[in-house]
Amino acid sequence: MALMSKLKQAASRATGRMPRILTVKEAWYLTPNMIRVVFAGPELDGFPAGHDGGNCKIMIPDPAETRDAFVARFSGGTPPVRRTYTVRHFDAATQELSIDFVAHGDNGPASRWASHAKPGDFLGFMGPSSPKLVSFEADWYLVAADPSAIPVAAAALEAMPRDAKGVAVFEVTAAEDKQEIDAPAGIEMHWLVHPDPATPSTAQEDFIRALDWPEGRVQTCIAGESGVIKSLRAFLHQEKQLPRADTYISGYWKIGLIEDQHQQMKRAEGG
């Protein structure tokens, strides 16, 4: 039986959903602390266009695990480790999917996998969700992200009308982690350096609080460490009185917690 047929049957029995097994075309360090992995192959047939910035779930094989052994785990074996990532870009013309991984060595299964990724490697994929910003109707935009959220923020900036105005503030580990993003000319781009992501930072909040707040409607795309997000959410909703419908703001991780623990915390808080 063909590999994809086995996968589809296994997925249907296990979850009623159909993971794709994606194959690496190439991988490289986009910056010193960010790895871009590009996937290609027939498994991407039918992948939806227009979902850059949408969430996805990746399922990570064990080191040295064969493709057949990995597929077999979807029919009752030990489930693979899952992590939440962002579709950075899908090129419908070439059928190539890009996902960016924050590089922190072997500290975490996704970073470990990405840091060793080479052509022919594979992982499981489910999704994507819809992008976080799907309509752009504001007079001014505020975008903020740490490394974990640069893909969603960059996708939002690249989708904006070319006459959009606003501010984007990125907090990165080193000055060399600045990326080229096709943002509208009217978006002021700022890059802050915080060399130790494992320690709390108020740099983004301090920067945003010091802005000259504009007149008119404001929309946001903000994501990153949950402690930062909690403070920014209070600032935007309570002090600036922005409607929740206009403020995408989400905690993607929390210092000291792995993803499963962080997701449990978010569910407990109703976030």
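Which residues have the most contacts inside the largest nonpolar core? They are Val143, Leu157, Met160, Phe170 and Cys221, and this core has 26 residues. A nonpolar core is a set of buried Ala, Val, Leu, Ile, Met, Phe, Trp, Tyr and Cys residues joined through side-chain atoms within 4.5 Å.

## Basis of the report

The model is predicted: local features need pLDDT of at least 70, side-chain atom pairs count only at pLDDT 80 or more, and totals for chains, interfaces and linings use all residues. Residues are numbered from 1 along each chain as its sequence is written, and side-chain values use heavy atoms, with hydrogens and water left out.

## Overall composition

The protein has seven helices and twelve strands. Helices (H or I, at least four residues) and strands (E, at least two) are DSSP runs, numbered from the N terminus. Of the 271 residues, 49% are buried; buried means under 20% relative accessible area, exposed over 50%, and partly exposed in between, with a 1.4 Å probe and protein chains only.

Among contacts in the protein with a separation of 6 or more, 67% are accounted for by residues 24 or more positions apart. Contact means heavy atoms within 4.5 Å.

## The parallel sheet

Five strands form an open sheet in the order β10-β9-β8-β11-β12, and their pairing is parallel. Two strands pair if DSSP finds at least two bridges between them. The edge strands, β10 (186-193) and β12 (247-253), each pair on one side only. From one strand to the next, the twist averages 5°. For such angles, axes are lines fitted to C-alpha atoms, for helices over the stretch in contact, and the angles run from 0 to 180 degrees between N-to-C directions. Helix α4 (residues 150-159) packs on this sheet and touches β8 (140-145), β9, β10, β11 (218-225) and β12. The direction of α4 makes about 160° with that of β9.

Strand β9 (residues 165-172) is joined to β10 by eight bridges, and alanine 168 stands opposite methionine 189 in β10. Strand β8 pairs with β9 over five bridges, where tyrosine 141 has glycine 166 as its bridge partner. Six bridges join β8 to β11, with tryptophan 140 opposite valine 218.

## The enclosed strand β8

Because six of the six residues of β8 are buried, this strand is largely enclosed by the rest of the structure. In a regular strand the side chains alternate between the two faces of the sheet. In β8, Trp140, Leu142 and Ala144 lie on one side, Tyr141, Val143 and Ala145 lie on the other, and all are buried.

Valine 143 touches Ala153, Leu157, Met160, Val167, Ala168, Val169 and Cys221, not counting residues up to four places away in sequence. A second, separate core of 23 residues includes Ile35, Val37, Trp113 and Phe125.

## The antiparallel sheet

Another open sheet has seven strands in the order β4-β3-β7-β1-β2-β6-β5, with antiparallel pairing. At its edges stand β4 (81-86) and β5 (89-91); each has a single partner strand, so one side of each is left without a neighbour in the sheet. Neighbouring strands are turned by 35° against each other on average, direction ignored. Three bridges pair β5 with β6 (residues 96-102), and histidine 89 has serine 98 as its bridge partner in β6.

Threonine 31 lies in strand β1 (residues 20-31) and is buried, with a relative accessible area of 7%. The side chain of threonine 31 makes a polar contact with that of aspartate 177 at 2.6 Å. A polar contact is a pair of N or O atoms within 3.5 Å; within protein, one must be able to donate a hydrogen and the other to accept it, and residues adjacent in sequence count only if both atoms are side-chain atoms. Threonine 31 also touches residues including Glu176 and Lys178.

## Helix α6

Helix α6 (residues 226-239) has 14 residues and reaches 19 Å from its first C-alpha to its last, close to the 20 Å expected. The expected span is 1.5 Å times one less than the number of residues. Glutamate 225 caps the N-terminal end of α6, with a side-chain oxygen 2.8 Å from the backbone nitrogen of glycine 227. The buried residues of α6 include Val228, Ile229, Leu232 and Phe235. Just after α6, glutamine 241 takes a positive phi of about 60°.
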